[in-house]
Amino acid sequence: MNSEQARCVTHRFDLLVLGSGPAGSAAAITAARAGLSVALIDKAAFPRDKLCGGLITGRTVRYMDGIFGLPVLPHLFRPSTRFRLTYQGRVIGRDDDAPALQMTMRRDFDAELHARAQAAGVTVFAPVRVTSIDTEAPGLMLSDGRTLSGRVLIGADGANSAVARALFGRAYDPAEIGFGLEVELDRAEMPDDDTTEVDLGAALWGYGWVFPKHGSVTLGVGGGHAQNPDMKAHFRAYLTQHAPHIAPDRVKCKGAFLPFGAYRKTPGRGAVLLAGDAAGLVDPITGEGIAWAMKSGEFAGQAAAEAIRQDRPAMEAYMARLGYIHREMAAARRIRTLIYAPIIRRHFPRVVERNPSMTRSYLRLLSGQIDYADLGSRVLWRTARRFVTAMLPRGR
Ligand SMILES: Cc1cc2nc3c(=O)[nH]c(=O)nc-3n(C[C@H](O)[C@H](O)[C@H](O)COP(=O)(O)OP(=O)(O)OC[C@H]3O[C@@H](n4cnc5c(N)ncnc54)[C@H](O)[C@@H]3O)c2cc1C
């Protein structure tokens, strides 16, 4: 066989996973451990950069241990136990003994997950470009002429998913998508900033963040794309507030879309499943996406194994598992509609300032100690009452 013929050969696998972020690597390692032959395809060679705050919640820690057997290695993570909640620079809540949040660089973190999937027996195709996607067969054609076929295909290829586009015509709804801008600042630029900060007034339907890492500090602003047509202006203002000595034009910020809670109720069709950002699984309030990418990836990998074993549609097996994640997304979306309503937003800083338990609840959500389901209707009613009280004219 000459090299031209070798290129035209179809490589057959049980499962094809497109994209090796947290979702794809989780799907691949889960399916390989269940005995499937798995191809993991990415356009990038690892390690590769990924724009992200790199905040690793307690939920993510649990999933990375359960799925990858990855502990909190000190060289990959920096713990942060000091937290402040601000509103346009004004401190409205703080906790100097907060539940630990871990900070990581996605370049190193994703490379570790990718390596663990590969060590589990997954066949890696990277870096490689996919030129066409067959969602019926299913199969992928690579730019070097090779064809990959599988019994199941998982699209874990991020917010602008090519698999989602092949299935549904577009990867996301422009009216619902979120957008974030970030810069990685040298620690010398912000020497005192060892506290994790979330500023709920830095952007509409979103927030600003300062996340301290080992060698740098990540500063960013993100929120609804439609609600913040000039996100760059929000970014500049937030940067100036924290580092007035840095001219905003001097830093090179980068931007990326994130599906801020705009999850797909049916993420896939037949033998094609979407996981992680491709399925829209980002918390609409906290912006947490890594945990949900891993968990949905694990569910998709399990669903592929079950579907092949039982000869049934993979989507059926996947939907049976996704309920918990979808309930969390739906609950967060309902709360978001309430707290981002303009009338509530106006009173937000004062109400949160007067009620430290609200900062604690936010922090426990952010750190993954509680779910939205745990907040329960009692807490939500109490919160609503506090806002109504704050809105009443003084003296009543
Ligand atoms: C500015 C910003 C800040 C964020 N901060 C946080 C945070 O602090 N904490 C948190 O939990 N979440 C955060 N998120 C969300 C988080 O980054 C995502 O939810 C998470 O990365 C989703 O993982 P994934 O595996 O689905 O997709 P990704 O991590 O995007 O991985 C997709 C992979 O697919 C590959 N790929 C894409 N297209 C193709 C193609 N056509 N062919 C081959 N390969 C392809 C890419 O190279 C990549 O490796 C943030 C997002 C943004 C934009």
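Pro-47 is located in the loop between β3 and β4, where strands are DSSP runs of E with at least two residues and helices are DSSP runs of H or I with at least four, both numbered from the N terminus. The peptide bond that leads from Phe-46 to Pro-47 is cis, with omega near 5°. The structure is a predicted model, in which local features need pLDDT of at least 70 and side-chain atom pairs count only at pLDDT 80 or more, whereas totals for chains, interfaces and linings use all residues. Residues are numbered from 1 along each chain as its sequence is written, and side-chain values use heavy atoms, with hydrogens and water left out.

The loop between β3 (38-41) and β4 (55-56) also holds Arg-48. With a relative accessibility of 14%, Arg-48 counts as buried; buried means under 20% relative accessible area, exposed means over 50%, and partly exposed lies in between (1.4 Å probe, protein chains only). The side chains of Arg-48 and Asp-110 are joined by a polar contact of 2.8 Å. A polar contact is a pair of N or O atoms within 3.5 Å; within protein, one atom must be able to donate a hydrogen and the other to accept it, and residues adjacent in sequence count only if both atoms are side-chain atoms. When neighbours within four places in sequence are left aside, Arg-48 is in contact with Ser-20, Gly-21, Arg-106, Arg-107 and Asp-110, contact being defined as heavy atoms within 4.5 Å.

Arg-106 is also among the closest of the 34 residues that surround the ligand, together with Asp-42, Gly-53, Leu-55 and Asp-277; a residue is near a molecule if one of its heavy atoms lies within 4 Å of it. An N or O atom in the side chain of Arg-106 is 2.9 Å from an oxygen atom of the ligand. For the side chain of Asp-42, the corresponding distance to a ligand oxygen atom is 2.7 Å. Gly-289 places a backbone N or O atom 3.1 Å from an oxygen atom of the ligand. Of the 1,000 Å² of accessible area that the ligand has on its own, the protein covers 91%, with areas taken from the Shrake-Rupley method and a 1.4 Å probe.

The shell around the ligand consists of 16 nonpolar, nine polar and nine charged residues. In this division, Ala, Val, Leu, Ile, Met, Phe, Trp, Tyr, Cys and Pro count as nonpolar, Asp, Glu, Lys and Arg as charged, and the others, Gly among them, as polar. At least two shell residues each are supplied by α2 (22-33), β16 (206-212), β18 (254-258) and α7 (290-310); β18 gives the largest share, three residues. Because domain 1 (3-77 + 103-173 + 262-331) and domain 2 (178-258) both give residues to the shell, the ligand lies between them. The domain bounds come from an automatic or database domain assignment.

Helix α2 includes Ala-32, which is buried at a relative accessible area of 15%. Beyond its neighbours within four places in sequence, Ala-32 is in contact with Val-38, Ala-120 and Val-122.

A cis peptide bond, with omega about 0°, also joins Ala-126 and Pro-127. Pro-127 lies in the loop between β9 (123-125) and β10 (130-134). Gln-88, in the loop between β6 (83-87) and β7 (90-95), has a positive phi of about 50° although it is not a glycine. At 54% relative accessibility, Gln-88 counts as exposed.
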